[in-house]
Amino acid sequence: MSSETPRIHDAVMPQLDALELLEGRPLVITDADEVLFLFVQGFEAYLEDNGFYLDLSSFALVGNIRRADTEDMAPVEEAKALLDGFFRERTETMTPVPGAAEALAALAERAQVVVLSNLPDSSRGAREKALALAGMPYPIVANTGLKGPAVRHMADRVRAPVFFLDDIPHNHTSVAQAAPDVQRVHFIADPRLARLIGPAEHCHHRVDDWAEVRRLIERELADIGW
Ligand SMILES: [Mg+2]
């Protein structure tokens, strides 16, 4: 595994600098799509409204979007445009993952929470509203690219146990490389998607249920006497 850390994107650094992070307080860094919000379910509804469907035969988006009438695969550019359209139109109205708000509220009694989400910066405001509506009013960083560098930056500031949740395996690899001390939890909310892949190679835990995530983090903190 390379020890070289990619740099933080220019658009991400000011957001990280603006975060109020307390030194000495544990930190939970959570992804949003498929962890806090039912992304696939929402995207499927959007696709259906636009004459497409998601062929959930593998753990991928682009390449699995097909026209409803011909079943032809949407070309990459069209797939990306559909994804952009979805975020633009529906970020604010996505359905929260059951149990996420309750678990995070309980964890927030002993930890700080930051949402680290790869989404277009233009949809950040809509995501903030959706989080607040769902009872998850935590600061959000609209990330670009791999997540390791941003996680490393936050971990260096808090100097306390850090937990990272994400559904996408390569984000766990990136965090493992950039911030190996961070506890990595592989989480996939949609059961159909969850069945498609096992634990990410570079995660510590695979958990697809928020009540279990809460127990896990509380147990980990207790084990190290935090
Ligand atoms: Mg995600």
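Is Lys147 buried or exposed? I began my notebook with this residue, keeping in mind that the model is predicted.

**Entry 1: Lys147**

I looked up the relative accessible area of Lys147 and found 1%, so the residue is buried, the cut-off for that word being under 20%. Lys147 sits in the loop that runs between strand S5 (140-143) and helix H6 (148-158). Leaving out residues up to four places away in sequence, I listed what Lys147 touches, and among the entries are Asp31, Asn118, Phe164, Asp166 and Val175. With the side chain of Asp166, the side chain of Lys147 makes a polar contact at 2.7 Å.

**Entry 2: salt bridges**

I noted first that side chains of opposite charge can pair when their charged atoms come close. Searching the whole structure gives 15 salt bridges. One of these joins Asp31 to Lys147, with the closest N and O atoms 3.0 Å apart. Asp31 is in the loop between S1 and H2 while Lys147 is in the loop between S5 and H6, so this pair ties together parts that lie 116 residues apart in sequence. I checked burial for the two partners, and both Asp31 and Lys147 are buried.

A second bridge that I followed is between Asp33 and Arg127, whose closest N and O atoms are 2.8 Å apart. This pair also links distant parts of the chain, since Asp33 is in the loop between S1 and H2 and Arg127 is in helix H5, 94 residues apart. Both Asp33 and Arg127 are buried.

For contrast I then turned to Asp69 and Arg67, which form a salt bridge with closest N and O atoms 3.4 Å apart. Asp69 counts as exposed at 59% relative accessibility, whereas Arg67 counts as partly exposed at 30%. I also wrote down that salt bridges with shared partners join Asp31, Lys147 and Asp166 into one network.

Asp33 counts as buried at 10% relative accessibility, and Asp167 counts as buried at 8%.

**Entry 3: the two domains**

I next looked at how the chain is divided, which gives domain 1 (13-38 + 94-223) and domain 2 (39-93). Their C-alpha centres lie 24 Å apart. In the contact list, 22 residues of domain 1 meet 17 residues of domain 2. Between them the domains bury about 1,600 Å², and 65% of this is on carbon and sulfur atoms.

How many salt bridges are there between domain 1 and domain 2? The count is one, and I looked separately at six residue pairs in polar contact across the two domains. Helix H5 (124-133) and helix H8 (191-194) each supply at least two residues of the side of domain 1 that touches domain 2. H5 gives the most to that side, with four residues.

**Entry 4: Ala18**

Last, I looked up Ala18, which lies in helix H1 (residues 13-18) and is exposed, with a relative accessible area of 61%. Ala18 and Pro139 are 121 residues apart in sequence, and their C-alpha atoms are 9.8 Å apart in space.

Notes:
Residues are numbered from 1 along each chain as its sequence is written. This is a predicted model: local features need pLDDT of at least 70, side-chain atom pairs count only at pLDDT 80 or more; totals for chains, interfaces and linings use all residues. Side-chain values use heavy atoms; hydrogens and water are left out. Buried means under 20% relative accessible area, exposed over 50%, partly exposed in between (1.4 Å probe, protein chains only). Domain bounds come from an automatic or database domain assignment. Contact means heavy atoms within 4.5 Å. Buried area is the accessible area (1.4 Å probe) that two parts lose on being put together, summed over both. A salt bridge is a side-chain nitrogen of Lys or Arg within 4 Å of a carboxyl oxygen of Asp or Glu. A polar contact is a pair of N or O atoms within 3.5 Å; within protein, one must be able to donate a hydrogen and the other to accept it, and residues adjacent in sequence count only if both atoms are side-chain atoms.
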